[in-house]
Amino acid sequence: MEFKVTHRCHTTRARVSRMVLAHGETALPTFMPVATQAAIKGLTPEQVESLGITLILNNTYHLNLRPGVDVLKAAGGAHLFEGWRHNMLTDSGGFQLVSLSKFTTITEKGALFSSPFTGESTILTPEESISIQHAIGADIIMQLDDVGEYISISRYIGPRVEEAMERSIRWLDRCIQQHESSGQKHTQNLFAIVQGGLNPSLRDKCLDGMLERKDRVSGYAIGGLSGGEEKDVFWRIIKQCADRLPEDRPRYAMGIGFAEDLLVCVALGIDMADCVFPTRTARFGVALTHTGPMNLTLGKYAKDFDTIDSMCPCLTCRDGTSRALLHHIVTHETAAAHALTIHNIVFQAQVMGRARDAIIAGTFPDYLRSFFASYFGDRGYPEWCVAALRSVGVDLLENSNIPMVSGGGAKWEYSDAA
Ligand SMILES: [Zn+2]
């Protein structure tokens, strides 16, 4: 991997970098759409490529179950199998194993689970996770980390979080060992995952351990967040980790996809993020826009003949597809899911692309102020966004008529569909 920071924001910790992997160059910060079953639901690889996407995330858990490692090996890897010519990142499979299988047990050896298809008991070890990711052939592969027996572990600060954090460091060593002995070291890049739940001192301990292994990993992810924790805790953990992670390695915040979260993370020094939210919410009929999410299933769009966003360059908006038409077909025609998926992926790409342009132009604080003003408008700024951006020198409330609201912030139209 070639990784170089090319521009820095003079106010915040935001930066623009160039990351060159085996399948080309990706400009950071970037948002990675998630292709769960070897494809972004509803889109062909050519369509994804035409949206300007150069890095996608594939789920190891799903690829390992279907089509399975044998098919991927026979195909020559997931790139060839899927017809995807650009960069790809795979997760370790551990998180989905825990979130999708009720019967997963974590032991020092690995994660024990029963196959959802055969019921057969299987173990996913750190070595196995790396081998599967080698067979998939992703440009960036993730260490297997201990995410606990249940998805909500990040809410807990108890001894299980400490055990999981320490085990994640031990498992990183096993992943490094497997990766370095494989011959894939020069084409595939291993990222470590910082754990430690919501406890700052456990996060620091994990950072200590993982920074010691810096020469043997290509990048760092921050895991264990986005599990429904308080937003005020979320941004402080991101900041704590981003502040300590090395300047010369990409920093990846896992499971982050709301526009406001993305921009706060970028301001705190994050380079990469992924989430199923933009594509999943599209299938529920929600379009993302710079004035907030728009739930096209609502009756108020039945006679609204505007496009989703007159300024949007996506195919759906350029074709003149009206909100009324989308409302009419949204829950029963796959064409609607398709049209909204295209729009939402372009929206995410634009949020990040404009962030990169603004960092390069030296106007990132202005971009943050104008984006948040347009996005939250009279709903008011969430208190946590104000606090997070203040911590890096940007005050949303300065010269602004928009009030600050405490708690989780704006209640969007998608509240029951997201
Ligand atoms: Zn659009």
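This is a predicted model: local features need pLDDT of at least 70, side-chain atom pairs count only at pLDDT 80 or more; totals for chains, interfaces and linings use all residues.
P67 sits in the loop that runs between helix α2 (60-65) and helix α3 (69-75), where helices (H or I, at least four residues) and strands (E, at least two) are DSSP runs numbered from the N terminus.

Residues are numbered from 1 along each chain as its sequence is written, and side-chain values use heavy atoms, with hydrogens and water left out.

S226 is not a glycine, yet its phi is positive, at about 65 degrees. S226 belongs to the loop between β13 and α9 and is partly exposed at 39% relative accessibility; here buried means under 20% relative accessible area, exposed means over 50%, and partly exposed is in between (1.4 Å probe, protein chains only). N399, also not a glycine, has a positive phi of about 50 degrees. The loop between α16 (383-390) and β19 (404-405) holds N399, and this residue counts as exposed because its relative accessible area is 80%.

Next come the annotated sites. The unreviewed UniProt entry marks D91 and D274 as "active site"; UniProt positions are given in the numbering used here, feature names are shortened, and annotations may be inferred rather than shown by experiment. The two residues are spread over 184 residues of sequence but cluster in space, with a largest C-alpha distance of 10.6 Å. D91 is in the loop between β7 (87-90) and α5, and it counts as buried because its relative accessibility is 12%. Leaving out residues up to four places away in sequence, D91 touches L57, N58, N59, T60, Y61, Q96, Q133 and M142, contact meaning heavy atoms within 4.5 Å.

D274, for its part, is a residue of strand β15 (residues 272-274). D274 is buried too, at 9% relative accessible area. Beyond its neighbours within four places in sequence, D274 has a list of contacts including F31, M32, V34, L57 and Y252. With Y252 there is also a side-chain polar contact of 2.8 Å; a polar contact is a pair of N or O atoms within 3.5 Å, where, within protein, one must be able to donate a hydrogen and the other to accept it, and residues adjacent in sequence count only if both atoms are side-chain atoms.

G94 is in helix α5 (residues 94-100) and is buried, with a relative accessible area of 5%. Setting aside residues up to four places away in sequence, G94 touches L124, L144 and V147. G224 is in the loop between β13 (219-222) and α9 (231-244), and at 24% relative accessible area G224 is partly exposed.

Finally, the overall layout. The chain is divided into domain 1 (2-275) and domain 2 (282-405), with bounds that come from an automatic or database domain assignment. The C-alpha centres of the two domains lie 26 Å apart, and their contact takes 37 residues from domain 1 and 32 residues from domain 2. Between them the domains bury about 3000 Å², 80% of it on carbon and sulfur atoms; buried area is the accessible area (1.4 Å probe) that two parts lose on being put together, summed over both. L51, E260 and L263 supply 20% of the area that domain 1 buries against domain 2, more than any other three residues.

As for polar links across this interface, three residue pairs are in polar contact (both at pLDDT 80 or more). There are zero salt bridges, a salt bridge being a side-chain nitrogen of Lys or Arg within 4 Å of a carboxyl oxygen of Asp or Glu. On the side of domain 1 that touches domain 2, at least two residues each come from β1 (2-8), β2 (15-21), β3 (24-28), β4 (30-32), α9 and α10 (259-268). Helix α10 gives the most to that side, with nine residues.
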